[in-house]
Amino acid sequence: MIALPKLDLLTAITSLLYPPVCAICRANIRGGQHLCDQCDTKAIRIVAPFCQTCSEPFEGAITGAFTCANCAHRTIHFDAAVAAYRSRGIVREIVHGFKYGRQIYLRHLVARWLYAALNDERLRERRFDIIVPVPLHPTRERERGFNQASLLAESLSAQISTPSKPLLERIRYTTTQTALDRAERMENLHNAFRLRKNADVRGLRVLLIDDVLTTGSTLSECARVLKRAGATSVHAATAARA
Ligand SMILES: [Zn+2]
Ligand SMILES: [Zn+2]
């Protein structure tokens, strides 16, 4: 965290020396932007129809009530998890570069995609008392040097004037979720999170933040902990959805 202002300063100095280029194709772009217009249009939006609970898009036309296969046969603890973009193509590439490639400047672009999720009708009219990032295990955070969800939550906090606080902590160092199926993910996450000491969420409307939603198991587990501790509602927003 301490290294960030330095990095921002470095970014500012670098942009004076080198004209800004597109993060994908390296074409020259205007200052303050991260993608050229052409690459920008390649970011895939999530469009209706999609699951109201987990935002899983459906192929083809859906009429009437339905149960999303991702949400069926399990208890989902968040009220809704919203993403505006698919984690495919350039979105996946940028999030990957931000998260694993130490390209921390990309957080501005990823935060813009996250911000787009707040325009969804499930979130647009809502007021939140607090923004809470999904925590990393301290060991993982040390390895990576930062928690991507915290950086995104802080960026959002400034934009919507709502405080962001790391009220949750991850107490189990879980193996990577990527290779696991849904049941294995749930088992892997059981009791992985808890409320931080002295954190009080009673009566609060929480907006939970993560970079990518895959099955929603992590967000659901965090929401379960927050609701058990007395949160009135827990909605989630992510920059992208698998
Ligand atoms: Zn480009
Ligand atoms: Zn669903």
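The model is predicted: local features need pLDDT of at least 70, side-chain atom pairs count only at pLDDT 80 or more, and totals for chains, interfaces and linings use all residues. Residues are numbered from 1 along each chain as its sequence is written, chains are lettered from A and ligands numbered from 1 in the order in which they are written, and side-chain values use heavy atoms, with hydrogens and water left out.

**Overall fold**

- The chain holds 8 helices and 6 strands. Both are DSSP runs, numbered from the N terminus: helices are H or I with at least four residues, strands are E with at least two.
- Along the sequence the order is α-α-β-α-α-β-α-α-β-α-β-β-α-β.
- Of the 242 residues, 47% count as buried. Buried means under 20% relative accessible area, exposed over 50%, and partly exposed in between (1.4 Å probe, protein chains only).

**Zinc ion (ligand 1)**

- C22, C25, C36 and C39 coordinate the zinc ion (ligand 1) through their SG atoms, at 2.3 to 2.4 Å. Donors are N, O and S atoms within 2.8 Å of the metal (3.2 Å for Na, K and Ca); water is not among the atoms, so sites may look incomplete.
- The 4 donor atoms around the zinc ion (ligand 1) subtend angles of 101 to 119°, so the arrangement is tetrahedral. Four donors count as tetrahedral if all angles lie between 85 and 135 degrees; four count as square planar and six as octahedral if opposite donors are over 155 degrees apart and all others between 65 and 115; anything else is irregular.
- Ideal angles at a metal are 109.5 degrees for four tetrahedral donors.
- The donor residues of the zinc ion (ligand 1) are spaced C-x2-C-x10-C-x2-C in sequence.
- C22 is buried at 0% relative accessibility. C39 is buried at 3%.

**Zinc ion (ligand 2)**

- The protein donors of the zinc ion (ligand 2) are the SG atoms of C51, C54, C68 and C71, which lie 2.3 to 2.6 Å from it.
- Angles of 97 to 120° between the 4 donor atoms make the arrangement around the zinc ion (ligand 2) tetrahedral.
- The spacing of the donors of the zinc ion (ligand 2) along the chain is C-x2-C-x13-C-x2-C.
- C51 is buried, with a relative accessible area of 4%. C54 is buried at 0%.

**Aromatic contacts**

- The count comes to 2 aromatic pairs. Rings of Phe, Tyr and Trp (its six-membered ring) pair if their centres lie within 6.5 Å; planes under 30 degrees apart count as stacked, over 60 as edge-to-face and the rest as tilted.
- One of these pairs is Y85 with W113: the ring centres are 5.8 Å apart and the planes lie at 45°, so the pair is tilted.
- The charged end of R45 sits over the ring of Y85, 4.8 Å from its centre. The rule requires NZ of Lys or CZ of Arg within 6 Å of the ring centre and within 35 degrees of the ring normal.

- Helix α6 (residues 148-160) has 13 residues; at 1.5 Å a residue it should span 18 Å, and its end C-alpha atoms are 19 Å apart, which agrees. The expected span is 1.5 Å times one less than the number of residues.
- Buried residues in α6 include L151, L152, A153 and L156.
- N147 is in the loop between α5 (138-144) and α6. N147 is buried, with a relative accessible area of 3%.
- At the start of α6, a side-chain oxygen of N147 reaches to within 2.9 Å of the backbone nitrogen of A149. A polar contact is a pair of N or O atoms within 3.5 Å; within protein, one must be able to donate a hydrogen and the other to accept it, and residues adjacent in sequence count only if both atoms are side-chain atoms.
- A polar atom of the N147 side chain also lies 3.1 Å from the backbone oxygen of V134.
- Just after α6, S161 takes a positive phi of about 50°.

- The 12 residues of α8 should span 16 Å at 1.5 Å a residue; the end C-alpha atoms are 16 Å apart, which agrees.
- α8 is mostly covered, with 10 of its 12 residues buried.
- V225 is found in helix α8 (residues 217-228). V225 is buried, with a relative accessible area of 3%.
- The C-alpha atoms of V225 and L168 are separated by 8.5 Å, although the residues are 57 apart along the chain.
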